[in-house]
Amino acid sequence: MAEPAVNVKLIKERLAFLKGGRFKAWLEICAHCAYCSDSCFFYLAHDKDPKYMPAYKVKQTLDKLYKKKGEVTWEELEKMADIAYGDCTACRRCSLYCPFGIDVAVMIAAVRGILCGQGLAPKGLQDAAKHHWETGNQMAITEEDFVETCKWMEEESEEEMPGLKIPIEKKGAETLYVLNAREVKFYPQDIAEAAMILYAAGEDWTFPDLGWDMTNLAMFAGNAQVMAHSAKLVYDAAKRLEVKKIITSE
Amino acid sequence: MQAFYEYIRDGRIKIDPAKKMKEPVTYQDPCNISRSGGLWEEARYLMNAMCEDFRDMAPNREYNHCCGGGGGYIPMGPQFRKRRMQSGKVKADQIRETGAKVVVVPCHNCFDQLRDLSAEYDLGIQVMHFKTIIPHVWDLPDHLKPPNEEAN
Amino acid sequence: MYQFVTGPMAWIAFGIFFLGMAVKVVSLFYLTREKDKVVFNHFSWQWSLKSIIRWLIPFGSRSMREKPLFTIITFSFHICLLITPIFLLSHNIILEERWGISLWTLPESVSDILTIVVIVTVVFLALRRIALADVRIVTSAYDYLLLAITAMPFITGFLAYHQFSNYKFWLIFHILSGEIMLIAIPFTRLSHIFLFFMTRAHIGSEMGQRRGAATW
């Protein structure tokens with residue numbers, strides 16, 4: 001099977017766009033001192049296999065892309081995808097260990113952005129981003145299902161706490177509550193628990209009917225367009241309902 | 001989490017000391033909330049308010065290790081699962097060392113990862129959100145209690 | 001040859017060093033303002049200074065405490081590397097002769113020891129690159145080249161001072177290698193002598209001002 005063509009022009013554009021003061025300085029001054037090795041749980045969990053040390057991951061991805069000026073093969077890109085998505089969770093622990101404070105996670109995120117542009121983001125993340133773009137949440141839950149789940153949880157928890165309501169799209173509420181789509185789909189009890197706490201605390205709150213999913217898997221995929229869209233949905237909901245603050249479920 | 005902290009700090013929700021969790025409990029600092037969110041002391045305030053035997057992991061707070069499920073790792077799908085489980089060994093060891101029976105975690109990524117780790121490494125732990133525990137340990141004013149309890 | 005390396009070549013080397021670094025720092029600053037505005041959104045002098053000072057103190061950071069031997073080596077290396085050439089007696093005699101200024105100077109026996117420390121620590125750093133798997137994997141010829149550029153002025157200076165065989169040869173070699181190092185600084189990773197302060201200020205503010213997380 002023929003390998004898909006690499007869109008070198010797009011990579012070059014991204015690389016040029018990304019090369020600000022930070023990347024320029026970071027890539028130049030990394031002393032390869034390996035202070036970062038022991039900060040990384042991938043490295044520690046794989047019996048200190050050097051290929052998991054943070055500076056090496058950058059060297060094999062972003063640094064390589066710049067050195068080759070974006071002219072890389074499909075095979076090389078696939079290898080980078082395996083590193084950028086599979087060997088780093090962008091936890092940022094290494095940036096606390098680096099003498100120069102190099103933020104590896106930011107560079108890995110940049111690599112993900114480049115790879116995503118070549119269609120190399122893992123399928124699970126691509127699908128989630130697609131769902132978020134189309135339905136406003138990462139799991140493609142319809143507004144109807146969302147409202148129904150809330151109603152169901154409202155009935156359940158009302159038995160325990162008289163007077164409890166789960167308001168949706170209540171304009172002028174003080175607080176907007178947003179959550180993770182996983183809660184709606186797999187752990188609906190979470191909604192009831194949150195509602196009970198908010199009610200007990202006397203919070204004047206509401207769910208939005210659109211923009212209730214606070215997650216942003218497109219950010220993890222590296223899809224800037226959907227990332228911005230996902231964040232904007234929540235922002236728009238907050239503006240639309242004129243709330244004063246947003247509570248997220250994490 | 002900031003909200004729960006404020007509710008309990010300001011007395012909008014009261015904790016019944018008699019109901020506090022007795023078994024050993026630890027807390028997982030999620031990267032997005034602790035290291036990148038700056039909310040680690042608030043979490044410890046809540047933990048101490050809710051549990052009698054809170055044991056911190058080492059390292060903790062902004063230096064805590066990622067659970068191994070962050071950065072979208074879990075939804076990436078099955079082809080990464082094996083590596084995800086192996087990489088989670090650090091976290092599994094950290095939890096085992098505390099001897100805790102319950103891990104409280106405010107992050108959904110961590111939540112799923114820790115449940116997977118518990119099965120993989122046979123940790124025998126229960127993973128919980130703050131919001132699951134609070135209703136078990138609070139002291140509600142009468143008008144919010146269920147009707148049958150009021151009758152007692 | 002001696003006339004050349006101590007005359008025009010010295011001017012060129014110092015000129016490139018100072019001018020090159022100034023251009024580099026200023027251009028990085030403007031590039032950051034243009035493309036990485038986020039850096040300035042959370043900038044804080046307090047967190048920046050804390051982040052810089054902590055990393056200038058031996059064992060001031062968590063990673064330094066986790067690798068104590070390496071920390072002792074790098075600190076000895078950097079401290080001796082900076083102090084020796086600036087406070088060396090013979091360098092200050094030249095300054096005195098040419099411009100009539102001179103700094104406080106180290107006793108010659110002390111600067112001799114500091115020079116040996118630099119040479120020994122460079123050897124250690126090179127061996128470390130070979131011995132440890134995690135360092136080896138990120139090491140390339142370039143890393144050894146930079147170590148050599150840094151060590152050469154000290155090795156040749158040591159040989160010249162002790163008048164091994166051909167004094168004149170080692171002296172010229174010493175001056176030349178010092179000039180090569182000065183010229184290399186703005187164009188290589190050695191620029192971290194200035195950029196260190198910029199990148200540390202950034203991460204200190206980014207993690208500290210924004211999230212209250214200490215980067216040490």
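User: Which residues are linked with A:Arg92 in a network of salt bridges?

Analyst: The model is a predicted one, and in it A:Arg92 is linked with A:Asp103, C:Glu206, C:Arg210 and C:Arg211 in a network of salt bridges. Over all chains, the structure holds 38 salt bridges.

User: Why is the pair A:Asp38 and A:Lys48 called a salt bridge?

Analyst: The term requires a side-chain nitrogen of Lys or Arg within 4 Å of a carboxyl oxygen of Asp or Glu. The side chains of A:Lys48 and A:Asp38 meet with N to O at 3.4 Å, so the pair is called a salt bridge. A:Asp38 lies in the loop between α2 (21–29) and α3 (41–45) of chain A, and A:Lys48 lies in the loop between α3 and α4 (54–60), so the pair ties together parts that are 10 residues apart in sequence.

User: What makes A:Asp38 buried or exposed, and how does A:Lys48 count?

Analyst: A residue is buried under 20% relative accessible area and exposed over 50%, with partly exposed in between. A:Asp38 has a relative accessible area of 16%, and therefore it is buried. A:Lys48, at 44% relative accessibility, falls in between, so A:Lys48 counts as partly exposed.

User: How do you know that A:Lys68 forms a salt bridge with A:Glu76, and which of the terms buried, partly exposed or exposed applies to A:Lys68 and to A:Glu76?

Analyst: The closest N and O atoms of A:Lys68 and A:Glu76 are 2.6 Å apart, which is within 4 Å, and therefore the pair meets the definition of a salt bridge. A:Lys68 has 35% relative accessibility, so A:Lys68 counts as partly exposed. A:Glu76 has a relative accessible area of 18%, which is under 20%, so A:Glu76 is buried.

User: What makes B:Asp56 and B:Arg44 a salt bridge, and where do the two residues lie?

Analyst: Their side chains meet at 2.7 Å, N to O, which is within 4 Å, so the pair is a salt bridge. B:Asp56 lies in the loop between α2 (40–50) and α3 (81–87) of chain B, whereas B:Arg44 lies in helix α2 of chain B, so the pair ties together parts that are 12 residues apart in sequence. B:Arg44 has a relative accessible area of 4% and is therefore buried, while B:Asp56, at 27% relative accessibility, counts as partly exposed.

User: How many residues are in contact between chain B and chain A, and how is the size of an interface often given?

Analyst: The contact joins 51 residues of chain B with 47 residues of chain A. The size of an interface is often given as the accessible area lost when the parts come together. Chain B and chain A bury about 4,100 Å² between them, with 60% of it on carbon and sulfur atoms.

User: How many salt bridges are there between chain B and chain A, and what makes A:Glu183 and B:Lys131 a salt bridge?

Analyst: The count between chain B and chain A is five salt bridges. The side chains of A:Glu183 and B:Lys131 meet at 3.4 Å, N to O, which is within 4 Å, and so the pair is a salt bridge. Across the interface of chain B and chain A there are also 19 residue pairs in polar contact, both residues being at pLDDT 80 or more. On the side of chain B that touches chain A, the largest share, five residues, comes from α5(B). The residues of that side of chain B divide into 26 nonpolar, 16 polar and nine charged.

User: Why is C:Trp99 called exposed?

Analyst: C:Trp99 has a relative accessible area of 56%, which is over 50%, and therefore C:Trp99 is exposed. C:Trp99 lies in helix α7 (residues 89–99) of chain C.

How values were computed:
Residues numbered from 1 in each chain as written. Chains lettered and ligands numbered in written order. Predicted model: local features only at pLDDT ≥ 70, side-chain atom pairs only at ≥ 80, totals over all residues. Heavy atoms only, no water. Helix = DSSP H or I, 4+ residues; strand = E, 2+ residues; numbered from the N terminus. Buried < 20%, exposed > 50% of the residue type's maximum accessible area, 1.4 Å probe, protein only. Contact = heavy atoms within 4.5 Å. Buried area = accessible area lost by both parts, 1.4 Å probe. Polar contact = N/O pair within 3.5 Å; in protein donor to acceptor, adjacent residues only side chain to side chain. Nonpolar A, V, L, I, M, F, W, Y, C, P; charged D, E, K, R; others polar.
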